[in-house]
Structures are given as structure tokens and as C-alpha cells.
Amino acid sequence: QGSELSGWAMGRWTYEGIDLNHNFADLNTALWDAEDNDLVPHEFPNHYLPIPEYYTFANATVAPETRAVIEWMQRYPFVLSANLHGGELVVTYPFDMTRTYWKAQELTPTADDGVFRWLATVYATSNLAMASEERRLCHYDDFTRFGNIINGANWHTVPGSMNDFSYLHTNCFEITVELSCDKFPHASELPAEWENNRESLLLYMEQVHRGIKGVVRDGDTEQGIANAVISVDGINHDVRT
């Protein structure tokens, strides 16, 4: 339909009336409650958080698309991902949900905030539209003041986001990319949108090679060890092989 005839809510909900962007299990609340009670990580994990039982019930308000994506995430050991949105020019990073439950906006960083800020910055600084000195504001928010990146919860709270779920339930670090001011570009505008994002997507994928990589092996047999927990001093979020 093009941007002139479509509101922001067009296509947001599934046929069943579910907003997929808020449909993942809320793992944040359980983690933060455990942190407040000094249970992390000796009694409550700081990573690979289990999915709450209520979320697995057949009558739970969980879209089949969401369940399929979760099964996919559990089947493959992804470590880097992004979900792509439209209607704004900014890159957001977890957490997406405010720690103070009644606040609509609140800076809520993860234990890996430095890494997430780097990942978001890599995309934002190589995106032609975001990096342009002549860019206009999409709406009311001036994200250029922050380098076109923002902590998701500091923009608006999103309980049950895929970003937060990825970080807390798997090894995967995920950001959200708001690709374009125009949520519904015309077909004729798609080549320009692609050029704006092509290099950003490639550079972002290349970040998978940053950091430490290798194989955790048994000292005697030299066999790889599955599900070995790797902890980094000062970062209260472990990963697993």
C-alpha cells in the first residue's frame, strides 16, 4: 500500500491477534527477582534460563510462529542475530524490558552492555541513512544524539521480546534494527533501502568473529566437552559450549 495509506499498526498482529514482538517468555522478571535475593548464580542461573511452565501449556497465548522460532533457536547454537523492523532509524540492544516494572522507559543494561553497544554501533555507523549528515528525523525522537543506538528499555519497554529471550535462554546476542523511517516503502524504493543496509548487514555478520573462540576439551581424552560453562570475571552472564 505504501507509506501514505498504512498506519504503524498495519500487519503488527497475527490472525490470532498476537503481537509476535511481545510473545516470547518473560525470563527477565525471574532473573531480576533472583538477583534481588542474592541467588545468582549459585542457586539461580545467570544464563540458559529455563522457560516457565505456564508458557508451555497448550492453552498459553503463544503463537505457533513463536513456538517454531524457539524450537529453531534451541536446535542450533546461534551466537549472533538481529531482528529487523521498520518505521524508525535506530539500532536497539537489550534489555528491552524495564527492570522497574511500572516504568515505560528506563536504562536497563545487560551484563554484556559493552558488547551490545559495540554491535549496535557497528550497524548504525555503517548504515548510509543513519550516518548521513543530511538525514531527517523520522518522527519525534532524535536518535542522532546517541549515535543512532539506544538501550531498548530506555526507548520503550517491551516485555517478552526476542532480544531478551535470546540473551537469557541461549548463547545468542541479538539486537533490533529499525531499518527505515518508512515502514511500508514502495517497490520502487526498495533498491535504495537495500543499499542503505547492505554494508551494515555484512559488517554486522562479520562481528561473529570477534572475541575468544575455541574448543573446550577433556585434558585426558582430548574429546570436546559439551555444555561446559564458561565464566568471565566481572560479567555475570555465562555461556556454554
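E178 is found in strand β4, and UniProt, in an unreviewed entry, places the feature "active site" at this residue. UniProt positions follow the numbering used here, with feature names shortened, and such annotations may be inferred rather than shown by experiment. Everything below comes from a predicted model, in which local features need pLDDT of at least 70 and side-chain atom pairs count only at pLDDT 80 or more, while totals for chains, interfaces and linings use all residues. Residues are numbered from 1 along each chain as its sequence is written, and side-chain values use heavy atoms, with hydrogens and water left out.

**Around E178**
- E178 counts as buried because its relative accessibility is 7%; buried means under 20% relative accessible area, exposed over 50%, and partly exposed in between, with a 1.4 Å probe and protein chains only.
- Leaving aside residues up to four places away in sequence, E178 touches H85, G86, G87, E88, L89, V90, M130 and W155, where contact means heavy atoms within 4.5 Å.

**The sheet**
- Helices (H or I, at least four residues) and strands (E, at least two) are DSSP runs, numbered from the N terminus.
- An open sheet of 4 strands runs in the order β1-β4-β2-β3, with mixed pairing; two strands pair if DSSP finds at least two bridges between them.
- β1 and β3 (149-151) stand at the edges with a single partner strand each, so one side of each has no neighbour in the sheet.
- From one strand to the next, the twist averages 25°; axes are lines fitted to C-alpha atoms, for helices over the stretch in contact, and angles run from 0 to 180 degrees between N-to-C directions.
- β1 and β4 are parallel and share 6 bridges, with A82 standing opposite I175 in β4.
- β2 and β4 run antiparallel, joined by 3 bridges, and T92 has T176 in β4 as its bridge partner.
- β2 and β3 run parallel, also through 3 bridges; here Y93 has N151 in β3 as its bridge partner.
- In a regular strand the side chains alternate between the two faces of the sheet.
- In β2 both faces are covered, with V90 and T92 buried on one side and V91 and Y93 buried on the other.

- With 17 residues (190-206), α8 reaches 24 Å from its first C-alpha to its last, close to the expected 24 Å; the expected span is 1.5 Å times one less than the number of residues.
- A kink of about 35° in α8 is centred on N197, the bend at a residue being the angle between axes fitted to the seven residues ending there and the seven starting there.
- N197 is also one of the buried residues of α8, along with E193, S200 and Y204.
- The cover over these buried residues includes β1 (80-85), α4 (113-126) and β4 (173-178).

**Backbone points to check out**
- Most residues other than glycine have a negative phi, and most peptide bonds are trans.
- The peptide bond from V40 to P41 is cis, with omega near 0°, and P41 is in the loop between α1 (28-36) and α2 (53-56).
- Another cis peptide bond joins P94 and F95, with omega about 0°; F95 is in the loop between β2 and α4.
- E222, although not a glycine, has a positive phi of about 65°; this residue is in the loop between α8 and β5 (229-232) and is partly exposed, with a relative accessible area of 47%.
- N227 is in the loop between α8 and β5 and has a positive phi of about 60°, although it is not a glycine.
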